[in-house]
Amino acid sequence: MQTQLGGPLAPEPVPVHFAYVARYEYSDVVVQNDNFLRLSPYDDRYQTPAGGGSEVATVPAGRRITYPDRLGNVVNRIRITAPHRELIIAATGRVCLNDHAPVLDDAPLASIAYGLDAQEFLTASLLADPETVRAAAREAVGSATTLLETVSGVVRWVHDNIRYERGNTSVNTTAADVLQSRSGVCQDMTHLGLAMLRAYGVPARYVSGLLTRQPGETHAWLEFLHPERGWLPADPTRGIMELNGTDYLKFAVGRDYSEVPPVSGSFVSKGEGWLNFTTAEVFFDRETVSVDDALALLEGN
Amino acid sequence: MLTDTSTAGHPLNECLNPDGSVKPVYRNLVNAIDSLGVPELQRRWGDANHRAALDAFTFMLDPREFRTVPTDWMPRLIPEGEWDVISRGVAQRLKAINRFLLDLYCGEQEVVPPDVMYSCQYFNPELLDYRPARDVFVHIYGIDLVHMGDGRYVILEDNLRIPSGITYQMKSAEIGLGAIPELAAGYDIIPYDIRAAYQEMFASLCEKDSPVCVLLTDSKYGSAFFEHRYLSELFGITLVEGSDLYIGANGRVWARAMGGDFEVDLIYRRVEDLELFVPGLTEAYLDHKVVLVNAMGTGACDDKLVFLWVPDMIEHYLGEPAILDQAVSYDLRSPANREYVLQNLDSLVLKTRQGYGGLGVFILPDLDKGYRSRLAQQLIEQPQVFIAQETLDFSQHLVFDESSGEFEGRYVDLRVFAVQNGHGEVTVFPGGLTRVSEANSRVTNNSSGGSCKPSWVVR
Amino acid sequence: MVEPRSISVSSDRWLTDSRVYSLIWLGRWLERADNIARVINTFARIAVESGADMLTLQQSLGNAAAIRGIRVEDAGQSLEMLLRYHEASSIYHSLHTARSNATHVGTVELIRAISETVMTLERDGAMPASPLEALLLTNEILERLDAVYKVIDDSWFHQEALSEEEVYRRFVQQ
């Protein structure tokens, strides 16, 4: 099977800038803080990172190394050894967003043979285990037999049956937990969608990023593997498959959230740490964005 | 009496052939044991244990409980010819790893894939562009080997951060020879001088003459404190705790002491989180105000996944093939490898990337089915946490059961120690530390409850 | 050929703060072991000379249950508790802790001398069954302790002119 990536795209790429900031507090002095940041634009056919202006920084400053992980995410690892009780992480970037071409090629699921590389997106990951959601997946998919119908059924079911509610779930909430509580945030709905698609043999992965027209916090959606068109997006939280590409700014992909959180890491301290504040902003009309713009988002907070 | 035992059953016994006959190198030793006889052997074992207790030769997992290092005093014998291969293989590996670390931090490394290398917990971005004294990262190296028979040794693991155990190699041989000198009859045991090698290594790393060196211990209640005390006394260097050290106004490391604080040139550190023990030490180190042995950053090659690329490091940096083989290992980032491992769970060992001291090692054939399937599930969910290795059926040795007066077979490994000084010279200390598994286990680790055995290289 | 060089060999010259701390506790625990041994030794001697039995010894010790940490139901074994089993108030545990401190400040000779003393209490049948056995055991412990003090005198300790003031100043800082 020839995998043909790309198709006709909307003619006008939209350049945008983004700024992200997070502040962490600690109950005692931290002597080492080692963080992995996945806050750089992903490079694919829907978006093209534009150089000059893609930056990550911390206060206090640390030493950084930038590398691609095995799924093509850009990782910035920053290690801070200046003693601190507060850590600020800021990221900015410029990216050209392309609209998504409509997906027309559907195929019966039974006729699709995915390769070995797709296997890891079919099996259980830490937070999205297909075994735990099979019954609900049957209900969601119903009599659908094709790839696009299956994905559409899952996306709509999650949107219609899971109540968007903050505060009841955490970074450790699994797809099974979400099914149980019938509520959660974008990350939880995405995990449930992933598990259901995997249960039907559709390779699916987690996407972390921003909604350009509703920034403020990071968003999560999913991608499923189309045998000819490659990875295609769908958003269970909003219940849609035909995404407007300029609405979404993608940072990283993984098997679920646990592999690609925007910030992860460890610190050495006698105390505890917590996220005190985080926000993000997207600018459609700016010529440049700097780390100072990201830090300015902290003002008043 | 030794040959009467049924322990010859294991096909890879170091001492006995499968038919129960004694291997040539062990003949003198077995004769000596036979002529001492069981009651005398029990008495001598008691004497050796008594000497160990007198000297507080301990590995204490609980500081309230006095526990000497469990030792089987019958030595393991390594013929000089076999040792020569081990020794060259260890030195080769140490040099290649050191070259790699230098490239990793101060140049461009192309051997290990970036996502493997830079995601490693012990890779330290802060050390980029920092050259340690005399370009030596790995001053003290501990390598775990198993014997596959016929003099073929296979590497299981590298220990590059704070390798421990050389004292057990020395002290077990010293006590054993003291209590049962008859066992050495007919053997020419190759000697070594770790005092000279370490002192020379310390001196070669410092700019000035007669540098002041200290050994930094975690605590007198730590499990390896015997070793810290023994080595500091042997080398004539001061034993310090973290609270003794501070960074002075001149940016250098000072030790608090009666009769006046003093400046420290080199820290032989036996702790991992240096900054927790001595705040500001990292900065002093990066300013070249103090030498650390081992250097910071060596843990990058302690990672069990990075281990897979060490043979490539040897080829790349030394332009020669690896002298010693290492256990066949699987990178579980590859879908094909994951598939293979899931199909062959009952013949593999799973290790977590960051484990040490026998922690995070799962010998799947030795586990019950429920445990195995839970691990399989974890492997599917988080393959990046693990590597898999082929299970090796390595050698056994005989250990004397003092109460029954019989010998029985137990699995043994071999941890070999080497030092590298500032002139790039490597010394591999003949013998190493033989660690003995508990009955019915293949895990040979002191932290996991195993015992040890003196090991002699003999001519 | 590289010129061989040497390091500053200095372990005795540098009495670091943490070693001073261990040194003070070494002294305190040895003294505690010594004190308990002398008390038992004296009462055992009185019992032997007056021809009394073990009960007298226990009575002589007073209300054993009042000794800190010894439970009333253990009173019958108060001698064993004081010799061997009590965590803070036995000779055995005092010596064990003294040895831990000695591993930090002492030479191997000092560790051996303390170990020899510890071992008198680890032998099979070490627990005395009569005042005479208690007397002999504590005599031996006190002799072994004298050997410990001699090692301290003979080794590095007397070479260093320790000002008591300085020792305690450092101690208070810890």
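Two strands pair if DSSP finds at least two bridges between them. Keep that rule in mind for the strands described below. The structure shown above is a predicted model.

Start with strand S17 of chain B. S17(B) and strand S18 (residues 426-428) of chain B meet the rule, because at least two bridges are needed and this antiparallel pair has three. B:Gln420 has B:Val426 in S18(B) as its bridge partner. The two strands form a hairpin, with five residues between them. Look in that turn for B:Gly424, which has a positive phi of about 80 degrees.

Now go to the other hairpin of this strand. Strand S16 (residues 396-401) of chain B also runs antiparallel to S17(B), and six bridges join the pair. Here B:Phe400 stands opposite B:Phe407 of S17(B). Four residues lie between the strands of this hairpin. B:Gly405 takes a positive phi there, near 75 degrees.

Strand S2 (residues 140-147) of chain B pairs with S17(B) in the antiparallel sense, over six bridges. In this pair, B:Ile140 is placed opposite B:Val419 of S17(B). Then comes strand S19 (residues 433-436) of chain B. S19(B) and S17(B) run antiparallel and are joined by four bridges. B:Leu414 has its bridge partner in S19(B), namely B:Thr434.

How much of strand S17 of chain B is buried? The strand spans residues 406-420, and twelve of its 15 residues are buried. S17(B) is thus described as mostly covered. Take B:Asp413, a residue of this strand. B:Asp413 counts as buried because its relative accessibility is 2%, and the cut-off for buried is under 20%. A polar contact of 2.8 Å joins it to the side chain of B:Arg435.

Next, step back to the chains. Two pairs of chains touch, and the pair with the most contacts is chains B and C. Chain A and chain C share no contact. Their closest C-alpha atoms are 20 Å apart.

Look at chains C and B. Chain C puts 37 residues into the contact, and chain B puts in 43 residues. The buried area between them is about 3400 Å². Carbon and sulfur atoms give 57% of that area. How many salt bridges cross the interface of chain C and chain B? The rule finds one. C:Arg112 and B:Asp55 form a salt bridge, with their closest N and O atoms 2.4 Å apart. Polar contacts are counted as well: ten residue pairs between chain C and chain B, both residues at pLDDT 80 or more.

Which elements of chain C give two or more residues to the side that touches chain B? They are helix H1 (17-50), helix H4 (91-105), helix H5 (108-120) and helix H7 (164-173). H4(C) provides the largest share, seven residues. Sorted by class, this side of chain C has 13 nonpolar, 16 polar and eight charged residues.

Stay in chain C for one more helix. Helix H3 covers residues 78-85. It is largely enclosed by the rest of the structure, because six of its eight residues are buried. The buried residues in H3(C) are C:Ser78, C:Leu79, C:Met81, C:Leu82, C:Leu83 and C:Arg84.

Finally, turn to chains B and A. Here 24 residues of chain B are in contact with 25 residues of chain A. The area buried between these chains is about 2300 Å². Carbon and sulfur atoms again account for 57%. Three salt bridges are counted between chain B and chain A. One of the salt bridges runs from B:Glu126 to A:Arg79, where the closest N and O atoms are 3.5 Å apart.

Key
Residues are numbered from 1 along each chain as its sequence is written. Chains are lettered from A and ligands numbered from 1 in the order in which they are written. This is a predicted model: local features need pLDDT of at least 70, side-chain atom pairs count only at pLDDT 80 or more; totals for chains, interfaces and linings use all residues. Side-chain values use heavy atoms; hydrogens and water are left out. Contact means heavy atoms within 4.5 Å. Buried area is the accessible area (1.4 Å probe) that two parts lose on being put together, summed over both. A salt bridge is a side-chain nitrogen of Lys or Arg within 4 Å of a carboxyl oxygen of Asp or Glu. A polar contact is a pair of N or O atoms within 3.5 Å; within protein, one must be able to donate a hydrogen and the other to accept it, and residues adjacent in sequence count only if both atoms are side-chain atoms. Ala, Val, Leu, Ile, Met, Phe, Trp, Tyr, Cys and Pro count as nonpolar, Asp, Glu, Lys and Arg as charged, and the others, Gly among them, as polar. Buried means under 20% relative accessible area, exposed over 50%, partly exposed in between (1.4 Å probe, protein chains only).
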